[in-house]
Amino acid sequence: MMEMKVLGCALLFPLQLLFCLLRAIVRFFTRQKRRDLGTDVVLITGGGRGIGRHLAKEFAKQGARKVILWGRTEKCLKETCEEISMTGTECHYFVCDVGNRDEVYQQAKVLREKVGDVTILVNNAAVVHGKCLMDSDDDALLKTQHINTLGQFWTTKAFLPRMLELCNGHVVCINSILSLSSIPGAIDYCTSKASSYAFMESLTLGLLNCPGVGCTTVLPFHTDTEMFQGMRVRFPKLFPPLNPEMVAERTVEAVRTNTAFVVLPWTMHFLVILKSLLPQSALEEIHKFSGSYTCMNTFKGRT
């Protein structure tokens with residue numbers, strides 16, 4: 001009896017895969033039902049500048065009830081908060097270093113008391129040291145891991161339990177294509193983003209049977225912000241940096257359609273496929289051709 005059951009499952013499995021593939025194709029070509037953000041309280045870490053600032057503006061534009069900003073620089077947070085408030089959306093900011101576990105838990109408590117329950121958490125805060133391993137300062141390496149990776153553990157642990165109680169929530173991670181294809185000269189950043197990707201992949205699978213709670217991981221190519229200022233690719237017209245406004249728009253769209261993973265631009269899917277198929281020597285030639293071996297030589301972005 002057990003053998004027949006196993007055989008039945010084995011025969012049904014390819015059909016299930018085919019059904020999932022067809023459903024994904026249909027989703028791609030049809031307009032999906034979108035989440036109404038009118039009751040959502042959105043928290044964006046690293047929300048004072050860069051992609052975070054554009055995310056705050058986009059969530060407000062799409063009708064979020066409240067937008068909360070976390071970050072380390074009060075001046076940037078205040079400016080962005082004022083800009084959002086002028087559009088008519090309620091906005092608050094709190095100075096918080098997500099790399100500091102105790103600070104995250106304390107500020108999460110303050111946030112809940114002053115603003116209410118967070119229903120959309122956007123883990124966007126990140127830093128990059130921009131050096132090879134032997135030139136990197138130990139404290140700088142630790143800082144990158146604490147903010148880019150461990151910070152997501154602390155923020156998610158702080159807000160996910162209430163989302164599960166409410167059966168209403170979404171956890172978002174602004175990751176990077178470098179989590180799937182690393183480059184020299186940014187070993188701290190690539191490592192932290194690869195860890196972050198694994199964290200989100202595991203979290204997404206773990207929440208499959210949790211109604212009303214979802215995850216979105218966004219993996220953009222090099223984006224035109226001050227964070228990676230000075231980074232140069234060999235063929236900028238062939239591989240132009242992404243517009244942060246577009247990244248924000250696609251992120252909010254993915255949240256509203258409950259899309260688990262978004263690669264920007266879509267052509268980066270080919271890089272992931274090639275990495276799985278080609279030998280290492282061929283991949284090295286691709287890196288040389290694209291200039292990724294030397295793109296960080298002119299890096300002068302912020303940390």
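Predicted model: local features only at pLDDT ≥ 70, side-chain atom pairs only at ≥ 80, totals over all residues.
Two packed helices are described by the angle between their axes and the distance between the axes. Take α2 and α7 to begin with. Helix α2 covers residues 50-61 and helix α7 covers residues 244-256; their axes sit 8 Å apart, at an angle of about 50°. The crossing of α2 past α7 is right-handed. On the α2 side, the contact is made by Ile 51, His 54, Leu 55, Glu 58 and Phe 59. Facing them in α7 are Pro 244, Glu 245, Val 247, Ala 248, Glu 249, Thr 251, Val 252 and Val 255. Sorted by type, the residues of this contact come out as eight nonpolar, two polar and three charged.

Now for α4 and α5. Helix α4 (residues 101-114) and helix α5 (residues 138-166) have axes that come within 9 Å and cross at roughly 30°. Angles under 35 degrees count as roughly parallel, so that label goes to α4 and α5. Here, too, the crossing is right-handed, with α4 passing α5. From α4, Arg 101, Val 104, Tyr 105, Ala 108, Leu 111 and Arg 112 take part, and they meet Trp 154, Thr 155, Lys 157, Ala 158 and Phe 159 of α5. The tally for the contact of α4 with α5 is seven nonpolar, one polar and three charged.

On to the rings. Searching the whole structure turns up seven aromatic pairs. One of them joins Tyr 189 and Phe 228: the ring centres are 5.0 Å apart and the planes stand at 80°, so the pair is edge-to-face. Tyr 189 belongs to helix α6 (residues 187-206), while Phe 228 is in the loop between β6 (213-220) and α7, so the pair ties together parts that are 39 residues apart in sequence. Tyr 189 and Phe 228 are both buried. Elsewhere among the rings, Phe 153, Trp 154 and Phe 199 are linked by ring pairs into a cluster. Trp 154 also turns up in the contact of α5 with α4.

His 222 is found in the loop between β6 and α7. With a relative accessible area of 16%, His 222 counts as buried, the cut-off being under 20%. Setting aside neighbours within four places in sequence, His 222 is in contact with Phe 228, Met 231, Pro 241 and Leu 242.

Notes. Residues numbered from 1 in each chain as written. Heavy atoms only, no water. Axes fitted to C-alpha atoms, helices over the stretch in contact; angles between N-to-C directions. Helix = DSSP H or I, 4+ residues; strand = E, 2+ residues; numbered from the N terminus. Left-handed = near helix turned anticlockwise from the far one by under 90°. Contact = heavy atoms within 4.5 Å. Nonpolar A, V, L, I, M, F, W, Y, C, P; charged D, E, K, R; others polar. Phe/Tyr/Trp six-rings, centres within 6.5 Å; stacked < 30°, edge-to-face > 60°. Buried < 20%, exposed > 50% of the residue type's maximum accessible area, 1.4 Å probe, protein only. Parallel < 35°, antiparallel > 145°, perpendicular 65-115°, else oblique.
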